[in-house]
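I opened this notebook to record how the chains of the assembly meet and what lies inside them. The entries follow the order in which I looked things up.

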Amino acid sequence: MTPVLDVSDLRVTFGGRVAAVRGASLQVAQGETHCVVGESGCGKSVTALAIMDLLARGASRSAAHLRFRGEELSAREIARLRGDRLAMIFQEPMTSLNPAYTIGSQMGEVLRRHRGAGRREALDRSAAMLARVGITAPELRLAQFPHQLSGGLRQRVMIAMALLCEPELLIADEPTTALDVTVQAQILRLLQALQREMGLAILLITHDLGVVARVAHRVSVMYAGEVVESAAVGDLFAAPAHPYTRGLLRCVPVPGETPRDHPLGSIPGTVPRLGPDFVGCGFRDRCAHAIPACAGVIPRQGDAHQFLCRLPPGWTETRAA
Amino acid sequence: MLRFLLRRSLLAALVCLTVLVISFALTRLSGDLATAIAGQGATAADIAIIRHNYGLDRPLPEQFLTWAAAAAHGDLGRSFLYHEPVAGLIWARLPITLTLGLLGLGIALVVAIPLGIVAALREGTAIDRAAGLIAVIGQAMPSFWLGLILIIWLGLKLQLLPISGLESWQGYIMPAVVLSFSAIPSLMRLTRGGMIDALAADYIRTARAKGLSQGSIVLKHALRNAAMPVVAIAAVQLGFMLGGSIVIEAVFALHGVGYLAWESISKDDFPVIQAVVLLLAVIYIGLTLAADMLNALLDPRLRTA
Amino acid sequence: MNVRALSGFAGVAVVGLVTAAAIAAPWITPWDPFAQDLGARLIPPAWMDGGSAAHLLGTDQLGRDYLSRLIYGARISMMIGVLTVLASGLIGITLGVLGGFFGGLVDDVVMFAITCRLAIPLILVALTVVALVGSSLTVVILTLGLLLWDRFAVVARTTSMQVRTLDYIAAARAAGCSRTNIVLVEVLPNIAHHLIVVATLEMALAILLEAALSFLGLGVPPPLPSWGLMIAEGKDYMFFSPWVIVIPGIALFVLVLGINLLGDSLRDLLGGRAAR
């Protein structure tokens, strides 16, 4: 079964100096939620924007291949498919909607653009979609302006707007980060329900491991522009292979397991900004297990559960005192 | 929204009142008006008679109140020069000045806004720099000099346009163009700045993600948000143009309100001067009020505030 | 070299040249700018027919050497520009800082004053004052100085308001500094760069306004060689001897352009979106 999205060796450089993404590869299958997780600055948002060709001027991107349902996508192809079969929602629902136009107007223009719908039809279908994402009194909402809606409502509107043309792939860039915790849960449940109904493939960017645990089928962990580990969600949490992933998981307190008054794990240092000519593992300056060989080319190990490291798969950690 | 308008109207009224006082005080600067009116060779007796006839021997506050009360009813006094009601004199000449101002603003908008949009879209390129050059030249150009140069060149040498007067509508073209020169730089810069900010906003990224056309993104989504400060400044610029029309009308010998004001100033026709200053101030205040309302219309966030 | 730097240098060069010429006027002018020679009227500039090397830029309708008048005119323009800006800057910055820093009622009063000032038609009022009080260089400078403070006030107010909330102000108050001290030592130096940019813009405006006033006969009085006045005096002869108005006009344009370019590059250098 061809994956909906198949990206190989994606590279993004800003101004020729900062390599935000240094060879990321991932695949998303139909009906699957693939989470890309990592700290700020690891390149996950840039990856999402690069796939949609929404990067700012001054960014150059390249990939070995970027396939949608098996077909190679050029920039023009992506522009044609955006909003139609490829959709994206963003982190900030507050600023992602145009304050000068009504919800109905902003949703309607998607249908007018891609489906040639008339005004009446556009409003009807928009109202139906708003209802589907759990918004009550949709006709009322259509006549309202973005500033009249709460953050959670706005994000629902964004989701509805993205799904109007029944896309096959939805890219969600930290969709719940700017929302209250209770609203977060609602939005995630909504996404899961819609996925089941529409057979949607979702690429979800997040820094929150809790979100990953909740909705992901597969996970890719990114660090310093690379995918350092990629696995099914159960495998990742049960047996993290990469030192960075282990470090991340140690930072998260687990109710019932983490002893009280015991300091949470942390990874010393900060995420580096690397140039395009950087060779070797980007994590080696912060890794407790770095060896001189880490400065060379790192092999990608594993099959269904992949990770980018010199250490052998079954290595056991030696605890520092 | 209503409260907002009410507050603004109250403030506007207060400003009008202050300008009333300033305008009145202005003409009292020279000291003894009666002497000025009487002119050369007047005897002390003549001056005394004039002083009494014009009410100049009353205490100052009383003179002010008399004038203010009359002004509120539309009676702006009588001109010393023309011996006619000032209000009538102004009314007859207002259409010319207003036409000139609106034409000048129109030309400025038609040139500045597209230029600003293009400069923003092609930020940093040669087109952007060229637009910046136009703005900088427009700012430095002395308007009266430009008027004279155009008269010599287009009027005399090329004989394309009339060199003065308003026998035909073509007489409006050169003065309106010169007038627009003063507004184009700021309007263009504002449009450009506003568009650059708008294009960098998150909702533009959303619009691109929705697959909308470039035209729709620029003209529908970005421009609408960039337009708001431009509207406010455009109204203010119109106010400045009307106030500064005196120079253009003098150069092109157009008998508008500005020309009338110039005549009055040269000939010490105080009632006219007072009235024109007041009128221009009131127009300016009205324009800023109108700009606020237009802004409220354009920005839904202000409506429900 | 990029365009930005180029225009900045051009600005500095122009302003520097004009200032130098203005200061050195008594020593570099070939003729006395007030000396009339009715036998040598309206001689065209040296590069045109009928011109002579004795009068490089020709003579005006009273036979006065144009080049000398132009150079002395630079003096007038620069004096107007600098002195007006000093006066209006003093008024505007004081008002703006008071309003922006103290806020509340003081700010309301300052805003009201600015609004009233903006409502008044500038040229009309300036003309009226000069007409009633009498035209002289001093009157023009004072009048423009008392009228052109609005942009200073607006920018000083906005920047003071921004600075007021910053931590080092709170630290200074905690250390017991008096408010006067804070305004002078903490606030002013940090808003100065914005105000310098405004100063250049207002200087250019003052020069243009004086030229307009003089052109209308109510600015600097003759026989002073204000460029605006030279254009007015030459108006009657402009159809046959256009250089009489072209030359001072170009001088005005170049000087104002130079000042604006200087101001623009100062704004770029000192950073941020200062007064527009």
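I count two residues as in contact when their C-beta atoms, placed from the backbone, lie within 7 Å. I also keep in mind throughout that this is a predicted model.

**Entry 1: chains B and C**

With that cut-off I found 36 residues of chain C in contact with 36 residues of chain B. On the chain C side, the elements that give two or more residues are α4 (104-119), α5 (122-133), α9 (179-215) and α11 (243-270) of chain C, and the largest share, ten residues, comes from α5(C). Of the two pairs of chains that touch, chains B and C have the most contacts.

**Entry 2**

Between chain A and chain C I found no contact, and their closest C-alpha atoms lie 19 Å apart.

**Entry 2: one lysine followed up**

Which residues does K210(B) touch, leaving out those up to four places away in sequence? I found R82(A), G83(A) and V110(A) under that condition. K210(B) lies in the loop between α9 and α10 of chain B, and I score K210(B) as buried because 24 other C-beta atoms lie within 10 Å, where 20 or more are needed for that label. I also looked up its separation from L294(B), and K210(B) and L294(B) are 84 residues apart in sequence and 29 Å apart in space, C-alpha to C-alpha.

**Entry 3: two helices of chain B**

At what angle do the axes of α10(B) and α11(B) cross? I read roughly 90 degrees, with the axes of α10(B) and helix α11 (residues 257-266) of chain B coming within 7 Å, so α10(B) is roughly perpendicular to α11(B). The residues that meet are S245(B), I246(B), E249(B) and A250(B) in α10(B) and V257(B), G258(B), Y259(B), A261(B) and W262(B) in α11(B). By class, this contact has six nonpolar, two polar and one charged residues.

**Entry 4: the domains of chain A**

Chain A is divided into domain 1 (5-85 + 165-320) and domain 2 (95-164), and the centres of these two domains of chain A, taken over C-alpha atoms, are separated by 30 Å. Their contact takes 14 residues from domain 1 of chain A and 13 residues from domain 2 of chain A. On the domain 1 side, helix α7 (residues 181-198) of chain A gives the most, with five residues, and I divided the residues of that side into ten nonpolar, two polar and two charged.

For chain B I listed 13 helices and zero strands, and its C-alpha atoms fill a box of roughly 85 × 55 × 30 Å along the principal axes. Buried residues make up 44% of the 305 residues in chain B, and among its contacts with a separation of 6 or more, residues 24 or more positions apart account for 72%.

For chain C I listed eleven helices and zero strands, in a box of roughly 75 × 50 × 30 Å along the principal axes of its C-alpha atoms. Buried residues make up 53% of the 276 residues in chain C, and of the contacts between residues at least 6 apart in sequence, 70% join residues at least 24 apart.

**Entry 5: nonpolar cores**

Last, I looked for nonpolar cores, and the largest has 175 residues, with L187(B), V276(B), A126(C), L127(C) and A212(C) having the most contacts inside it. I followed L127(C), which touches I265(B), L213(C), L216(C) and L218(C), again not counting residues up to four places away in sequence. Apart from that core lies another, of 92 residues, among them A24(A), I135(A), L142(A) and V157(A).

How values were computed:
Residues numbered from 1 in each chain as written. Chains lettered and ligands numbered in written order. Predicted model: local features only at pLDDT ≥ 70, side-chain atom pairs only at ≥ 80, totals over all residues. Domains from an automatic or database assignment. Helix = DSSP H or I, 4+ residues; strand = E, 2+ residues; numbered from the N terminus. Nonpolar A, V, L, I, M, F, W, Y, C, P; charged D, E, K, R; others polar. Axes fitted to C-alpha atoms, helices over the stretch in contact; angles between N-to-C directions. Parallel < 35°, antiparallel > 145°, perpendicular 65-115°, else oblique. Buried ≥ 20, exposed ≤ 12 C-beta atoms within 10 Å, placed from the backbone. Core = buried A, V, L, I, M, F, W, Y, C linked by C-beta atoms within 7 Å.
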